[in-house]
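I opened this model to look up a few side chains and what surrounds them. My entries follow.

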Amino acid sequence: MAFNGKWKIHSQENHEEFLKAMAVPEMLVKMIKGVKPTTIIEQKGDDFTIRVETPLRTVTNSFTIGKEAEITAMDGRKFKCTARLEDGKLICNTEKFSHIREIQGEDMVETITAASTTLTRISKRV
């Protein structure tokens, strides 16, 4: 249950480039490029609820490891994903991007890739 808790991003790389690779409208990119969301993760066995909060929007996704689920991205688009746990990493692959979360020491590191662009976020538990 290492993912449980409230996490605040303290650094991110390639955020704006990633948003553009995901074809997020330019106006929205300008609005959210400096935003550092808070993520609340609740894990009960294989069941996860992940809530991502920003000043503009809050998105909650619930899923079970190994079962297909519909997830909503921060821009409102919906994607199908079958999450899995592999070597301590929470992995979700969609047709548009892959999202990997892992705990490294006291940090949660997220690696999100769309096309050839990778967004890296590092969060601390708060």
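Predicted model: local features only at pLDDT ≥ 70, side-chain atom pairs only at ≥ 80, totals over all residues.

Leaving aside neighbours within four places in sequence, I found Met22 in contact with Arg77, Phe79, Lys96, Phe97 and Ala114.

I then looked up a second, separate core. That core has twelve residues, including Trp7, Ile50, Ile65 and Ala83.

Next I went to the largest nonpolar core, which holds 16 residues. Phe18, Met22, Ile71, Phe79 and Phe97 have the most contacts inside it. Helix H1 (15-21), helix H2 (26-32), S6 and strand S10 (107-114) each supply at least two of its residues.

I searched the whole structure for disulfides and got one. Cys81 and Cys92 form it, with their sulfur atoms 1.8 Å apart. Cys81 sits in strand S6 (residues 78-82) and Cys92 in strand S8 (residues 89-93), so the pair ties together parts eleven residues apart in sequence. I noted both Cys81 and Cys92 as buried.

Last, I turned to His99. I placed His99 in strand S9 (residues 98-104). Is His99 buried or exposed? Its relative accessibility is 14%, and the cut-off for buried is under 20%, so His99 counts as buried.

I listed what His99 touches, not counting residues up to four places away in sequence: Leu90, Ile91, Cys92, Glu110, Thr111 and Ile112. Cys92 on that list is also a partner in the disulfide. With Glu110 there is a polar contact, side chain to side chain, at 2.8 Å.

How values were computed: Residues numbered from 1 in each chain as written. Heavy atoms only, no water. Helix = DSSP H or I, 4+ residues; strand = E, 2+ residues; numbered from the N terminus. Buried < 20%, exposed > 50% of the residue type's maximum accessible area, 1.4 Å probe, protein only. Polar contact = N/O pair within 3.5 Å; in protein donor to acceptor, adjacent residues only side chain to side chain. Contact = heavy atoms within 4.5 Å. Disulfide = S-S within 2.5 Å. Core = buried A, V, L, I, M, F, W, Y, C linked by side-chain atoms within 4.5 Å.
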